[in-house]
2 protein chains.
Amino acid sequence: MAPTIAAHLGFGSPRPLPFVALADLHLPEPRIAAPARLSALCSDDVHARASHAYGKSYGDVVRGFSGSYPSPPDFVVHRAVSTTSRPCSSGPPAPRSRSSPTAAGPASSAVSSPWWGVGYAGAVSLDLGALDRVLEVDEVSRAARIAAGATGPGLEAQLAEHGLTLRHFPQSFELSTLGGWVATRAGGHFATLWTHIDDLVESVRAVTPAGVWQSRRLPGSAGPSPDRLLIGSEGTLGIITEAWVRVRPRAAYRAGATVRFGSFAAGLDGARAIAQSELHPANCRLIDALEARTTGAGDGLQTLLVLGFESADHPVEAALGRALGLCAEQGGTGERSGPRGGSAGAWREAFLRAPHLRDTFVAMGVLSETFETAITWERAADFIERARGAAEAAVLERCGAGQVSCRLTHLYPDGAAPYFTVLAPARPGEELEQWAAIKQAASDAVIAAGGTITQHHAVGRDHRPWYDVQRPDPFAAALRSAKAELDPAAILNPGVLVDPVAARPA
Amino acid sequence: MAPTIAAHLGFGSPRPLPFVALADLHLPEPRIAAPARLSALCSDDVHARASHAYGKSYGDVVRGFSGSYPSPPDFVVHRAVSTTSRPCSSGPPAPRSRSSPTAAGPASSAVSSPWWGVGYAGAVSLDLGALDRVLEVDEVSRAARIAAGATGPGLEAQLAEHGLTLRHFPQSFELSTLGGWVATRAGGHFATLWTHIDDLVESVRAVTPAGVWQSRRLPGSAGPSPDRLLIGSEGTLGIITEAWVRVRPRAAYRAGATVRFGSFAAGLDGARAIAQSELHPANCRLIDALEARTTGAGDGLQTLLVLGFESADHPVEAALGRALGLCAEQGGTGERSGPRGGSAGAWREAFLRAPHLRDTFVAMGVLSETFETAITWERAADFIERARGAAEAAVLERCGAGQVSCRLTHLYPDGAAPYFTVLAPARPGEELEQWAAIKQAASDAVIAAGGTITQHHAVGRDHRPWYDVQRPDPFAAALRSAKAELDPAAILNPGVLVDPVAARPA
């Protein structure tokens, strides 16, 4: 696809560079070895260590592509968290004698790779990929107990045997896992209502250094929610091993349309009207003219709203009709379509293909980055202009050319989640500096204008500086204390969300 | 109403005993006095201290009715939390030299009164009732910033000027406050979807001993949610002073019906079908035959389902029609009604009247208690039988007569919230022992059968022993650490949710 992409964008090489072969990788020697009693479950070969060294962020792919693996995990443990034992215990708590285990599914996604043990005697990756089963299905309550390492396709195939679906489809669906979704507070691709994993989790089981954290299966409860502290904890409080999640029958009724607006502002008004109507569309994605053109869904002049309703229980034509009426009040021209056809279909294909293109972009010398946020409606138009403007200025300064497009991925009654895609010509060897400058400019603008540094891509290491500004200081203090209590040796994903206690100001 | 009630129940005196007059109350002398610089804001007269000594639980009313006020707050501070200063600072942290401030609105509800300083040198009630304003309305994002002391009617009247409503109507609506709802993780009376305060909160401001906790206005974000740690924290982490909440236009379309089922089991199946249909009714309350009879809504033979749909945007007749179809599949016979008429209207009146009857029940010698929980559907029928059976056995043993009825207050796709009402003859002077025995039996059964000790009545002091069993131990440890970090002297609502650190096992 490289020639087509290069012609379309106007930059990037039509002849992608080759990948570095596994045989040519040179990793540092492991600093520590697996305990003898676990050795059958552990690997420290180049493939295991290299394939667990990085996530799938732009920087990770650039580093991996260049064969740069300065700090991979020392070994990888498969099926690492048993139902009864504690995770790898640490040595004494002095930083340089600790080993740090970090849970990983088959792959992570939009934020940079884990941190493999700087300041620690060693670093271990716990690969939960073998914990991949749907363990129990409760068809009456429509819930399922699923092991943390199950990938999207894996768990959906098992649920399909019962006619059920979790209906949680993040863009990373094929490679990411239930445990990862819970740990990162993932967002699915549905636009409204129950799309974030937060709302799908009924109870969670995690193994912490202080013991097993198992919440009851409860549809509701009082007191601060235990699950809501684990959801989004990004591996810092414990290793999530399984969860009960809410499932449902597959949709039997569907209706969709594409609406065209003459301006993004008019599209925002249409999207807001639908978000505040309580019609609860499954899809309601506002795509700016540039992104519509890039993905082949539009002509580059009109803003698109891809609209879809679905239900397992009842027809949804009336809901679509009302949504189209709300759009028409804002000047939107709707055209009903099948879910796979027309502009909506073109956009859908591009959406599904995007995660698979990142490697190609890197090989072509195309800098490809996304950043996403959330903001209340009354500031949304101005906010999007500021964030896009800041990113565009940085793109032009650092890359000399490029584009920043925007869509809304999730809608709420009180606001929306804008998602920006940056494509620009990368300079070989300078990709990471270019990326960092653009990331900094975009993130500064997002935080200054009142948004969140990330709505559903996790905080990780990339977003941490701005997350620290965003969150209330007393909450940071509470989280640091909770971490110190549950993981006193700071062995779990150190440096994520909070600084290790040893590094904390007195 | 006493003669009517007594005749209807078959117990209770038709001649209620008189209340103790304020002039006849004898309170212990205040142990501490207000600081001179705050004295204009403080009261230590009998009325102020007595009216802040108790909540509205059955035990509180019994104690108040008998004139027993052994440990009221030493003084009450009005408008106690400024926008800039810290709350009352403590003395040195040795338990007996601390004073403990506890935030209170005009009244609290279903769990027992705060604990006024046992082991502390003094206890202070912070009355936020003067912080009663809707401070800002964002009509575009449909959100409002509301001060914590605003009562339901107060904030609704102010929102109505903008054609908006918070649409959060707990049964205590008239006397409870926004800050109380957030602190206790309150449930509104709507049956599905956005009815808990959790889903209505956009951001929260709280004053903690460690500084101001102010979250951003964000429709969504990653990382563990700061708001979700404060929601339900019951005054232990900080004093909530205001919140941005999601508001909406008043409903313009309504449709309602009453459905009759021949058995509670059939009604459960009907309720579950609706809960899993994603029709999202505003009201869907399953009322057992006994409760229907007691409230004048039914004949005592049939189970009722009170069903209502509403929308500000679109007609809801089709949704009601589909819900009635789902009930018919389970043998339910539906009859459409206006929202105020027929059985649904009778039940609604009884629901609104209930909080005002508790004083009358106490004066009549009727033991009146409610307990509520949540459970997944697959266990619901058996669970309700066990909980009701345990409560009935305790009622018969302790009171010789009485009744335990049940309704479902909230429905979720994966479960329901059963709500039990106990009415029994009280023996003068033994009410609290009778109550404690029934509470113990019901709570033990609820926890043993897998439910939550409370879905929306807060943990408080009454539920704490069972809450400790229910929650994951590592979560309790995390909460205790967070509390110790934010409130190191343990001055805020000590003993609620977690034990003060001084009393914590090493």
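Predicted model: local features only at pLDDT ≥ 70, side-chain atom pairs only at ≥ 80, totals over all residues.
Which residue of chain A forms a salt bridge with R217(B)? The partner is E378(A), and the closest N and O atoms of the two are 3.4 Å apart.

**Interface**

The size of an interface is often given as the accessible area lost when the parts come together. Between chain A and chain B the buried area is about 6,500 Å², and carbon and sulfur atoms give 58% of it. On the side of chain A, R216(A), P219(A) and P224(A) lose the most area to chain B, together 11% of what that side buries. The contact involves 78 residues from chain A and 78 residues from chain B.

Polar terms are also present. The rule finds eight salt bridges across the interface of chain A and chain B, the pair R217(B) and E378(A) being one of them. Residue pairs in polar contact between the two chains number 36, counting pairs with both residues at pLDDT 80 or more. Helix α15 (residues 473-486) of chain A gives the most to the side of chain A that touches chain B, with nine residues. By class, that side has 34 nonpolar, 25 polar and 19 charged residues.

Over all chains the structure holds 58 salt bridges.

| Pair | Closest N to O distance |
|---|---|
| R217(A) and D138(A) | 3.0 Å |
| R464(A) and D468(A) | 2.8 Å |

E317(A) belongs to helix α10 (residues 317-329) of chain A and R336(A) to strand β15 (residues 333-337), so their bridge ties together parts that are 19 residues apart in sequence. E317(A) counts as partly exposed at 44% relative accessibility, and R336(A) is partly exposed with a relative accessible area of 45%.

R464(A) and D468(A) both lie in helix α14 (residues 464-470) of chain A, four residues apart, about one turn of the helix. R464(A) is buried because its relative accessible area is 10%, which is under 20%. D468(A), with 28%, is partly exposed.

Salt bridges that share partners also join D138(A), E202(A), R217(A), E378(B) and R379(B) into one network.

Note on methods:
Residues numbered from 1 in each chain as written. Chains lettered and ligands numbered in written order. Heavy atoms only, no water. Contact = heavy atoms within 4.5 Å. Buried area = accessible area lost by both parts, 1.4 Å probe. Salt bridge = Lys/Arg side-chain N within 4 Å of Asp/Glu carboxyl O. Polar contact = N/O pair within 3.5 Å; in protein donor to acceptor, adjacent residues only side chain to side chain. Helix = DSSP H or I, 4+ residues; strand = E, 2+ residues; numbered from the N terminus. Nonpolar A, V, L, I, M, F, W, Y, C, P; charged D, E, K, R; others polar. Buried < 20%, exposed > 50% of the residue type's maximum accessible area, 1.4 Å probe, protein only.
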